[in-house]
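Have the structure open while you read.

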Amino acid sequence: MTTYHDKTEATSDDAIKFAYWVPNVSGGLVISNIEQRTGWDIDYNRKLAQIAEASGFDYALTQVRFTAGYGAEFQHESVSFSHALLAATEKLEVIAAILPGPWNPALAAKQIATIHHLTHGRIAVNIVSGWFRGEFAAIGESWLDHDERYRRSEEFIRALKGIWTEDRFTFRGDFYQFDNYSLKPKPLDPHPEIFQGGSSRAARDMASRVSDWYLTNGNTPEEIAKQVDDIRAKAARNDHEVKIGVNAFAIARETEHEARAVLAEIIAKANPEAVNAFGHEVKNAGKASPEGQGNWAKSTFEDLVQYNDGFRSNLIGTPHQIAERILDLKRAGADLILLGFLHFQEEVEYFGKHVIPLVRELEAAEPLPIAAE
Ligand SMILES: Cc1cc2nc3c(=O)[nH]c(=O)nc-3n(C[C@H](O)[C@H](O)[C@H](O)COP(=O)(O)O)c2cc1C
């Protein structure tokens, strides 16, 4: 496999990281009938992971889904799929999505610790808190209110960290209890990174206390900066550090006109019933979030065509325009860009060849201060 740019081999800690969404569920990342040359099967995904690591991507993020809805008819399980991708690659880190409820922390801690050993430390986790009530009903999981879901996720993360770092771990939570529990073997040191997804106040508060990474829906640099400032101020008070990842749906083409035409076609071919039903579901899921600032609180029909508001980050245009906008997101405080594409294999390769090197050049030309504290 060709490596397109040696610069990424030696990226500094300050260099922005790149992740891609693993298409381990069918239907791609837009709710549209536009042609998507993206497969959800393991052969497609193994090759994609190999292309991604040769193209300068640092991470791959899997998705956890138990049932269909708004497309996504088939869904491979996230932890086992992550392991298969790790086995097919050499340096890519794969983030396995984990949903408290179906998973309990004892199983997750043990399962992930073992994969950490098997892969020499390349597995991470994304603790998600759930948005799909119908999915919970289908598998017999009780549906907690929004902030209760986050309270459970925070206990889950505290339990993971405790199990991974302490002997005779004892924990008395409302959702989970441990009594003198010693996991052996522990994961390698440092333990797997802990990501989380969500944008509500509860999500931000949790990130400022326990998570290593906060992943949020796509947005403008101005709106991302507001979230970053809020989280970092709270984290400082908690003596905690958290990094920020921002979702984006990238459409990189030789001309801006071409890229905009692709976006227009995605929207024109969107399936309105599915988009509206998805919008209804996600807005409802956030309702119990009292301040109404969660993911999708302000999403328009157009935004919702991409599951995580990825058009809002505006990585749509020429490689140069996209690289400049990535730098704007970095200035707003982003440490990582999480990317979705229409035709994953082709576009991950194109992105690695044409966009990432420009980002590295811009970063080198303009050393950036660490995001505003
Ligand atoms: C980057 C990212 C990835 C996510 N991945 C999943 C997933 O795989 N499965 C899932 O059920 N929810 C996933 N979520 C949904 C979140 O866990 C959360 O339920 C949702 O963003 C609403 O949170 P909020 O009300 O705090 O904004 C993801 C969210 C983000 C931002």
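1. Start with H5 and H6. The axes of helix H5 (residues 146-165) and H6 come within 10 Å and cross at roughly 15 degrees. Angles under 35 degrees count as roughly parallel, so H5 and H6 are roughly parallel to each other. The crossing is right-handed. Bear in mind throughout that this is a predicted model.

2. Who touches whom here? On the H5 side you'll find His-146, Asp-147, Tyr-150, Ser-153 and Glu-154, and they meet Ala-202, Ala-203, Met-206 and Arg-209 in H6.

3. The residues making the H6 and H7 contact are Arg-204, Asp-205, Ala-207 and Ser-208 from H6, with Gln-227, Asp-230, Ile-231, Lys-234 and Ala-235 from H7. Sorted by type, the contact of H6 with H7 has three nonpolar, two polar and four charged residues.

4. Now the ligand. How many residues surround the ligand, and which are the closest? The count is 24, and the closest are Val-128, Gly-197, Gly-198, Ser-200 and Gly-294. Here H6 turns up again: H6 and strand S8 (213-216) are the elements that give two or more residues to the shell.

5. Another pair worth a look is H1 (residues 42-54) with H12 (residues 344-354). They pack at an angle of about 5 degrees, with their axes 9 Å apart, which makes H1 roughly parallel to H12. The contact is built from Lys-47, Leu-48, Ile-51 and Ala-52 of H1 and from Phe-344, Gln-345, Val-348 and Glu-349 of H12. Its residues split into five nonpolar, one polar and two charged.

6. Finally, the overall picture. The protein has 13 helices and 12 strands, and its C-alpha trace spans about 60 × 45 × 40 Å along the principal axes. Does the radius of gyration point to what kind of fold, compact or extended? For 373 residues a compact globule would have a value near 21 Å, and the protein has 20 Å, which agrees.

How values were computed
Residues numbered from 1 in each chain as written. Predicted model: local features only at pLDDT ≥ 70, side-chain atom pairs only at ≥ 80, totals over all residues. Contact = placed C-beta atoms within 7 Å. Helix = DSSP H or I, 4+ residues; strand = E, 2+ residues; numbered from the N terminus. Nonpolar A, V, L, I, M, F, W, Y, C, P; charged D, E, K, R; others polar. Near = placed C-beta within 6 Å. Axes fitted to C-alpha atoms, helices over the stretch in contact; angles between N-to-C directions. Parallel < 35°, antiparallel > 145°, perpendicular 65-115°, else oblique. Rg over C-alpha atoms; globule rule 2.2 N^0.38 Å. Left-handed = near helix turned anticlockwise from the far one by under 90°.
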